[in-house]
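Subject: Structure for you to look at

Hi,

Here is the structure I promised you. Please open it and read the notes below alongside it.

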Amino acid sequence: MTKFDLIIFGAGPIGLTLANLLGKKHFKILVIDKTKELVFNTNRYIAISKKTNKILNQDILKKKIFANQVKSMQLYNESFENKNKLDLSSETICSIVNATELHKELYHECCKQNNITISLNSKLKSVVSQNGLVELTTTNDKKFNSNYLFVSDGKKSQVKEFLKLEENKISYNSTAYVFEFSHSKNNNNATYQLFHQNFIAGLLPLSEKIFSCVLSINNKFCYKNDIKKTIDIFLKNEICNKFGKIKINSEITSFPLTFSHASKYSYNNVILIGDSAHSFHPLAGMGMNVGFSDVLSLVSCFEENIYSFGSDKFFNKYDYERHAINQRTINILNFIEKTLTSKNRFLNNGVNRGFNFLNKSNFIKTQIINFANNNLDYF
Ligand SMILES: Cc1cc2nc3c(=O)[nH]c(=O)nc-3n(C[C@H](O)[C@H](O)[C@H](O)COP(=O)(O)OP(=O)(O)OC[C@H]3O[C@@H](n4cnc5c(N)ncnc54)[C@H](O)[C@@H]3O)c2cc1C
């Protein structure tokens, strides 16, 4: 049995960020991941907020990894018409990073710390939490124990399933399609969100003529189960008028959209974090940003030292604070998803009137931008 202070199960961006920050506090840390080599191959781009940007650049990364900085976000209801638009502009709407590059850099920074051991190709056989310690056995019969186990193995968390931890889970009856496309008209380096009763499209500008697109389509709208045809219809009907001639430049990946939220984040000395604790609709691009706020809250428990290290109450503050904030985030996102994809004509007119009202108030728009830049946290 090898003893560590902390075990982090899942070397995704959230697990590695946590390892980086806690490693600097000199804990002996083990990071476990099931993959043989960390799979740095998701060709996905992520919008990161001012708060996330600060954590990464001040405290972790030595290298700047941003693909693009965005100063304008345009939300449209039903179609790309100016009368249906909410225009949010600021010095810092978000930064766009390549998820693979971010993951790689987080991994390299972890590897530089001697007190962090990263064990890849390790699969879980059993996990037991007793007498204030967590004991973990992998399928190659290696045994480890530690004071705390941080569970960051994503939304299909095996630990959560193994320990039968409760969660609230709902399907959005939609599928998300992710791809890149180039277009002939300039996008003015703005992000665009188009809300429609059958889909929500999020467009992140990688350059003035290339978008990374996350298209969440209601399953009923998928044309004869033909994904390619459905996306073609979307591009022809909705995007071409606004952005000109279009060419898809990447593979199209897809996944079903569900939201899940664990009933609690802290079970004695087992702590859930990132997508294993909560997974959101991608409409606001907040999943990873919220995970970074989780990390900050966990790290603050070490700094405040309200309970002694080893106590099962050590992460109480993280549990009640982050659970409440994330529940509220889920409620906000579900409200936006329901309202802005509603088939109800009156509701739709109400949304347009709301957009027009907001367009006239720079004060409220600034508050919205600040709220998003703070990862939808309280101030
Ligand atoms: C298309 C798309 C666009 C997105 N855009 C944004 C955005 O713009 N902004 C934003 O903030 N967020 C965005 N997100 C969300 C973001 O990608 C996730 O919130 C983030 O990746 C969660 O990180 P994580 O480390 O918690 O989990 P994951 O990234 O899922 O990492 C989990 C890790 O655990 C490992 N693992 C899994 N199971 C096991 C097991 N059984 N044993 C051992 N190891 C295991 C995996 O190999 C992986 O390394 C987007 C997501 C998608 C899908």
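A residue is near a molecule if its C-beta atom, placed from the backbone, lies within 6 Å of it. Keep in mind that this is a predicted model.

Start with the ligand. 31 residues surround the ligand. The closest are Gly12, Gly154, Gly274, Gly285 and Gly287. The shell divides into 13 nonpolar, twelve polar and six charged residues. Which helix gives the most to this shell? Helix H6 does, with four residues. H6 covers residues 287-304. H1, strand S3 (45-48) and strand S10 (167-183) also supply at least two residues each.

Now the whole protein. It has nine helices and 18 strands. Its radius of gyration is 21 Å, close to the 21 Å that the globule rule gives for 379 residues, so the protein is as compact as a globular protein of that length. The C-alpha atoms fill a box of roughly 65 × 40 × 40 Å along the principal axes. Of the 379 residues, 40% count as buried. Take the contacts between residues at least 6 apart in sequence: 72% of them join residues at least 24 apart.

Last, look at helix H3, residues 99-111. At 1.5 Å a residue, its 13 residues should span 18 Å. The end C-alpha atoms are 19 Å apart, which agrees. Its buried residues are Leu102, His103, Glu105, Leu106, Tyr107, Glu109 and Cys110. What do they pack against? Their partners are helices H1 (13-23) and H2 (50-60), plus strands S2 (29-32), S5 (85-98) and S6 (116-119).

Best wishes

Terms used:
Residues numbered from 1 in each chain as written. Predicted model: local features only at pLDDT ≥ 70, side-chain atom pairs only at ≥ 80, totals over all residues. Expected span 1.5 Å × (residues − 1). Buried ≥ 20, exposed ≤ 12 C-beta atoms within 10 Å, placed from the backbone. Contact = placed C-beta atoms within 7 Å. Nonpolar A, V, L, I, M, F, W, Y, C, P; charged D, E, K, R; others polar. Rg over C-alpha atoms; globule rule 2.2 N^0.38 Å.
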